[in-house]
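Please look at the sequence and the model before reading on.

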Amino acid sequence: MATYAPPPGTADIFEDEASEWRCLESAAREVFSHYGYGELRTPVFEYTELFQRGLGGETEVVQKEMYTFADRGGRSLTLRPEGTAGVMRALSNTDVLNGVEQRVYYMGPMFRGERPAAGRRRQFHQIGVENVGRCAPLLDAECLAMLRAFLKRIGLDDAELVINTRGVREDRPAAEKVLREYFSQHIGEMCDDCRTRLERNIWRILDCKQEGCGKIIAGAPEYLKYFSQESRDYFDQVCRALDALGVKYRVEPRLVRGLDYYVHTVFELTHPALGAQTAIAGGGRYELFLPGQNRPVPGVGFAAGVERLLLARQALEKSGTAEPAAAYFVGLTPKMRIANLALANKLREAGLKIALELEERSFKAQLRGANKSGAKFAVIRGESEAEKGTAVVKNMADGSQCEMPEAELFEYVLRNAAQIE
Ligand code: HAM
């Protein structure tokens with residue numbers, strides 16, 4: 001049979017996975033709405049200049065990763081590589097330009113021509129939020145607290161949050177000078193892209209993912225002290241608010257993020273299940289120039305990669321948070337299901353994980369449940385066992401089974417569970 005694979009870096013999502021997606025999406029909708037956010041759906045493609053101007057012409061995304069094409073009328077269009085620029089364009093038709101706050105969330109596909117790998121797709125999906133129109137440290141802290149609440153809600157409370165500040169634009173020349181002095185001394189050992197970055201946009205060096213460059217970046221001077229008092233105070237207030245809210249974080253003094261619109265707070269979240277190189281979410285405070293506007297619009301927000309959230313959740317399930325049940329109880333009559341529940345509870349009190357079927361389902365369906373639970377054996381009780389006062393114990397690994405008196409079950413499961421461990 002011929003197989004028709006989708007283009008590299010894209011995927012078909014079937015129902016078993018799609019249900020997981022819906023779960024994340026509805027958790028996001030619920031959490032975000034409690035913080036006053038409403039949904040905004042923007043087009044999947046925009047005029048190319050929106051991204052060129054908004055994200056920064058020197059960024060990796062704009063330079064190398066955008067899917068850009070001319071429409072029939074010859075206008076250059078680009079499949080959105082991220083959500084912030086389109087959201088800002090849409091909101092520029094509202095009062096945000098006059099400083100009226102708008103809170104929106106979005107979810108949907110984004111497109112970047114990256115080399116596909118685990119957790120790196122060409123069509124990927126983001127769940128993101130933008131709080132637009134105002135600038136205040138407490139807004140940044142609130143946004144981070146909401147991201148934490150969302151991650152907790154979907155079982156990823158172990159994510160590590162790293163934050164930093166990029167200061168305001170006026171702070172940058174002094175810090176750039178220090179960075180230029182340092183990197184000029186090491187540029188011979190760095191990649192070709194970093195050589196160009198040294199000339200064109202030195203901040204992009206800090207975001208280089210090449211291993212050789214990473215070692216040099218790790219020794220770069222901490223530039224915060226060259227920022228203005230205003231920027232340092234702003235960052236300090238964000239950190240103090242996070243402390244007060246109980247949001248855990250680590251300051252990473254060289255975090256800059258890959259897009260040029262950020263000012264003040266920047267942050268990224270990683271999860272132990274995926275490793276420190278793969279961010280599950282990122283964001284920060286920004287000022288974005290819209291085409292035709294000379295004044296940037298302020299905002300703060302983040303986007304989480306849906307595929308990466310799901311990978312982290314799946315890895316967690318495999319790495320033992322979902323330990324297999326010691327036994328699975330199959331009950332074929334209402335009376336037997338009650339008896340199973342009573343015995344299961346006794347065994348749970350004794351410290352075992354027991355899975356069981358509590359509803360009326362076919363024998364086959366219940367055995368499938370036993371298989372899925374990872375239990376080493378299934379305890380089966382139907383009408384004939386009820387009459388005899390026995391139970392059938394089936395070894396799930398080799399299919400062998402034996403029958404034993406009901407009274408011995410508790411001891412048997414306890415003893416065998418101990419042997420399994
Ligand atoms: P970003 O860091 O470029 O930020 O992307 C946010 C998240 O999208 C990443 O942390 C990652 O989880 C996911 N992601 C990015 N690229 C890929 C890919 N190729 N495959 C799979 N997942 C990916 C932004 O896009 C900003 N707009 C976030 C933001 C909102 N900043 C302020 N407001």
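In strand β10, G283 is the bridge partner of F267. Strands here are DSSP runs of E with at least two residues, numbered from the N terminus. The model is a predicted one, in which local features need pLDDT of at least 70 and side-chain atom pairs count only at pLDDT 80 or more, while totals for chains, interfaces and linings use all residues. Residues are numbered from 1 along each chain as its sequence is written, and side-chain values use heavy atoms, with hydrogens and water left out.

F267 belongs to β9, where it is also the bridge partner of I163. Strand β7 (residues 160-165) runs antiparallel to β9, and 6 bridges join them. On the β10 side, 7 bridges join β9 to β10 (residues 275-288), again in an antiparallel arrangement. Two strands count as paired if DSSP finds at least two bridges between them. β9 and β10 form a hairpin, with 3 residues between them.

How many of the 10 residues of β9 are buried? In this strand (residues 262-271), 9 are buried, where buried means under 20% relative accessible area, exposed over 50%, and partly exposed in between, with a 1.4 Å probe and protein chains only. H264, which lies in β9, has a positive phi near 50° although it is a residue other than glycine. H264 counts as buried because its relative accessibility is 4%. R257 is placed in the loop between β8 (250-251) and β9. The phi of R257 is also positive, about 75°, and R257 is not a glycine. With 11% relative accessibility, R257 counts as buried too.

The next topic is the ligand. It is surrounded by 27 residues, the closest being E82, E114, R121, E130 and Y262; a residue is near a molecule if one of its heavy atoms lies within 4 Å of it. β10 gives the largest share of this shell, 7 residues. By class, the shell has 11 nonpolar, 8 polar and 8 charged residues. Here Ala, Val, Leu, Ile, Met, Phe, Trp, Tyr, Cys and Pro count as nonpolar, Asp, Glu, Lys and Arg as charged, and the others, Gly among them, as polar.

A polar side-chain atom of T84 lies 2.9 Å from a nitrogen atom of the ligand. A backbone N or O atom of A279 is 3.0 Å from a ligand oxygen atom, and for A281 the corresponding distance, also from a backbone N or O atom to a ligand oxygen atom, is 3.4 Å.

Key:
Helices (H or I, at least four residues) and strands (E, at least two) are DSSP runs, numbered from the N terminus. A polar contact is a pair of N or O atoms within 3.5 Å; within protein, one must be able to donate a hydrogen and the other to accept it, and residues adjacent in sequence count only if both atoms are side-chain atoms.
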